[in-house]
Amino acid sequence: MLVSRTILGLAALFALPSGTPGARPAPRGDPDLRLEHFVLELREAGSASNGRAVREVGLVCLRRRAIEGGTQLECECLFRRDGPQSQDGGGDEHVLHVEQLSSAGTRLDWREWGPGRARSFTAEWTADGRALRTVESCRGGTPRETLSASEGAVMPLYLLDLARYGRATSGRYKRLDPLARNLEAVELCTSYKGEAGPGRRTVEIVRDDGTLAGRFEFHGTDLETFQWQEGDLVARRVSVEEYAARSAPPVSAVRPP
């Protein structure tokens with residue numbers, strides 16, 4: 001499964017110690033850490049009772065932690081690949097997205113890697129706060145760009161965090177897309193589902209061309225399901241125990257010492 005805008009749509013730490021989802025357990029009782037786990041499901045037409053067959057295609061872990069002078073937001077994704085090579089995790093696709101928001105400045109780091117390829121992308125504000133300086137590293141070289149942002153811009157995980165806590169409920173934003181390496185205009189809107197119970201709401205982010213850039217279902221401040229784009233790929237929240245079980249390699253793939 002190639003990691004592209006078609007798969008992610010959402011649109012980042014270059015050397016975060018935990019390389020794959022589930023590799024680092026959350027410290028219990030840490031008030032500075034929010035941790036959410038999801039399974040990525042592809043809902044296809046099939047013979048299930050509801051007319052839809054569900055196939056698991058990956059995992060997502062969202063983290064929010066306090067750092068010196070601010071906050072760090074993280075999104076860690078694992079995309080399963082079909083075939084024997086995926087049984088030991090060697091054929092899987094990985095994406096690590098981190099945003100550091102602190103008194104020292106704002107920085108986005110994105111890393112993606114899979115069989116035979118790797119890419120990283122970083123972005124941070126210039127000293128005058130009117131542009132974003134970006135660097136992309138891949139096999140094709142290390143392109144550097146400066147994106148004009150004189151009217152302001154927002155990082156993608158930070159925009160989601162604003163929506164989570166009700167600090168952004170509607171409006172138009174310039175959002176950085178790490179996949180396109182550019183700023184895109186998006187419209188954010190919130191709808192409330194009183195019939196589904198108190199505190200339930202849906203946040204949608206839509207691009208100028210009408211395509212979906214994210215749909216997020218919240219209960220209070222807890223994220224329950226989300227999509228990065230319109231279609232059949234859905235992230236469903238699961239318990240930490242279920243996430244750990246799904247992160248573990250199959251018994252047949254465990255090699256003896």
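Select Q72 and Q100 to begin: Q72 stands opposite Q100, a residue of strand β4. The model on screen is a predicted one. Now widen the selection to the two strands around this pair. Strand β3, residues 70–79, runs antiparallel to β4, and the two are paired over ten bridges.

Keep β4 selected and look at its other partner. Strand β5 covers residues 105–114 and pairs with β4 in the antiparallel sense, over nine bridges. To find a point on this pairing, select H94, which stands opposite W113 in β5. Follow the chain from β4 into β5: the two strands form a hairpin, with two residues between them.

How many of the ten residues of strand β4 are buried? The count is eight, so β4, residues 93–102, is largely enclosed by the rest of the structure. In a regular strand, side chains alternate between the two faces of the sheet.

**Helix α1**

Select α1 next. The helix is mostly covered, with eight of its nine residues buried. The buried residues are P156, L157, L159, L160, D161, L162, A163 and R164. Step just past the helix to G166, which takes a positive phi of about 75°.

Return to R164 and show its side chain. Which side chain meets that of R164 in a salt bridge at 2.8 Å, N to O? The partner is E36. R164 belongs to helix α1 (residues 156–164) and E36 to strand β1 (residues 33–45), so this pair ties together parts that lie 128 residues apart in sequence. Are the two partners buried or exposed? R164 has 2% relative accessibility and counts as buried; E36 is buried too, with a relative accessible area of 1%. Both values fall under the 20% limit that defines buried.

An α-helix has 3.6 residues a turn, so residues three or four places apart point the same way. D161 and R164 are both buried.

**Other salt bridges**

Select E217 and K193. These two form a salt bridge whose closest N and O atoms are 3.3 Å apart. E217 sits in strand β12 (residues 212–219), while K193 sits in the loop between β10 (182–192) and β11 (200–207), so the bridge ties together parts 24 residues apart in sequence. K193 counts as partly exposed, at 30% relative accessibility.

Side chains of opposite charge can pair when their charged atoms come close. The count for the model comes to 29 salt bridges.

**R215 in strand β12**

Stay with strand β12 and select R215, which lies in it. At 16% relative accessibility, R215 counts as buried. Which side chain makes a polar contact with the side chain of R215? Show E230: the contact distance is 3.1 Å.

**K174 in strand β9**

Move to K174, in strand β9 (residues 171–177). K174 is partly exposed, with a relative accessible area of 40%. Select the C-alpha atoms of K174 and V154: the two residues are 20 apart along the chain, and these atoms are separated by 6.2 Å. V154 is also one of the residues that K174 touches, once those up to four places away in sequence are left out; the others are G152, A153, E184 and A185.

**Cysteines**

Finish with C138 and C189. C138 is partly exposed, its relative accessible area being 34%. C189 is partly exposed as well, with 36%. How many disulfides does a search of the whole structure find? The search finds zero.

Methods
Residues numbered from 1 in each chain as written. Predicted model: local features only at pLDDT ≥ 70, side-chain atom pairs only at ≥ 80, totals over all residues. Heavy atoms only, no water. Salt bridge = Lys/Arg side-chain N within 4 Å of Asp/Glu carboxyl O. Helix = DSSP H or I, 4+ residues; strand = E, 2+ residues; numbered from the N terminus. Buried < 20%, exposed > 50% of the residue type's maximum accessible area, 1.4 Å probe, protein only. Disulfide = S-S within 2.5 Å. Contact = heavy atoms within 4.5 Å. Polar contact = N/O pair within 3.5 Å; in protein donor to acceptor, adjacent residues only side chain to side chain. Pairing = 2+ DSSP bridges.
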